[in-house]
Amino acid sequence: METSKKICKNGSITLPKQIRAEAGLFPGNAVDISTSTDGTVTIKPTAPCCRFCGTVENVIVADNVVICRKCAEKIIEKVGATND
Ligand SMILES: [Zn+2]
């Protein structure tokens, strides 16, 4: 997703919900912000956080998706329920 936003007087920008969801950014998570010489600003989670709930505890990377043990167990449970 690509969108345009105006920077507020205090320098803040609200990241659209869809952007946060796609990037796996959650309220309360720390982010690293960096710039490139071409003016690109990059925002990424400081620590890998679960794509589904945002926790940074007990996370694993599976097929480039960061997921916590709790969410992984929920998904496995649902998959098991649909196979019955
Ligand atoms: Zn999770």
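Let's start with Asn64: this residue is exposed, with a relative accessible area of 76%. Exposed means over 50% relative accessible area, buried under 20%, and partly exposed in between, using a 1.4 Å probe and protein chains only. Asn64 is found in the loop between β3 and β4. Strands here are DSSP runs of E, at least two residues long, and helices are runs of H or I, at least four long, numbered from the N terminus.

A word on the model. It is predicted, so local features need pLDDT of at least 70 and side-chain atom pairs count only at pLDDT 80 or more, while totals for chains, interfaces and linings use all residues. Residues are numbered from 1 along each chain as its sequence is written, and side-chain values use heavy atoms, with hydrogens and water left out.

Phi of Asn64 is positive, near 65 degrees, and Asn64 is not a glycine. What is phi of Asp63? Positive again, at about 50 degrees, and Asp63 is not a glycine either. Asp63 also lies in the loop between β3 and β4. Is Asp63 buried or exposed? Exposed, at a relative accessible area of 77%.

Now the strands on either side. β3 and β4 (residues 65–68) pair in the antiparallel sense over four bridges. To count as paired, two strands need at least two bridges in DSSP. Their hairpin has two residues between the strands. Ala62 stands opposite Val65 in β4.

Next, the zinc ion. Which residues hold it? The protein donors are the SG atoms of Cys50, Cys53, Cys68 and Cys71, lying 2.3 Å from the ion. A donor is an N, O or S atom within 2.8 Å of the metal (3.2 Å for Na, K and Ca); water is not among the atoms, so sites may look incomplete. The site is tetrahedral, with angles of 104 to 113 degrees among its four donor atoms. In sequence, the spacing reads C-x2-C-x14-C-x2-C. Cys53 sits in the loop between β2 (41–45) and β3 (59–62), and Cys71 in helix α2 (residues 69–83), so this pair ties together parts 18 residues apart in sequence. Cys53 is partly exposed, at 40% relative accessibility. Cys71 is buried, at 9%.

Last stop: the largest pocket. Its volume is about 680 Å³. A pocket is an open set of points on a 1 Å grid over the protein atoms alone, where a 1.4 Å probe fits, with protein on both sides within 12 Å along at least five of seven lines; lining residues have an atom within 4 Å of a point. The volume is the space filled by probe spheres set on the points. How many residues line the largest pocket? There are 21, and Ile13, Leu15, Ile19, Leu25 and Ile43 lie nearest its centre. α1 (17–23), β1 (31–35) and β2 each give two or more residues to the lining. The largest share, three residues, comes from α1.

Note on methods. Tetrahedral: all angles 85-135°; square planar, octahedral: opposite > 155°, others 65-115°.
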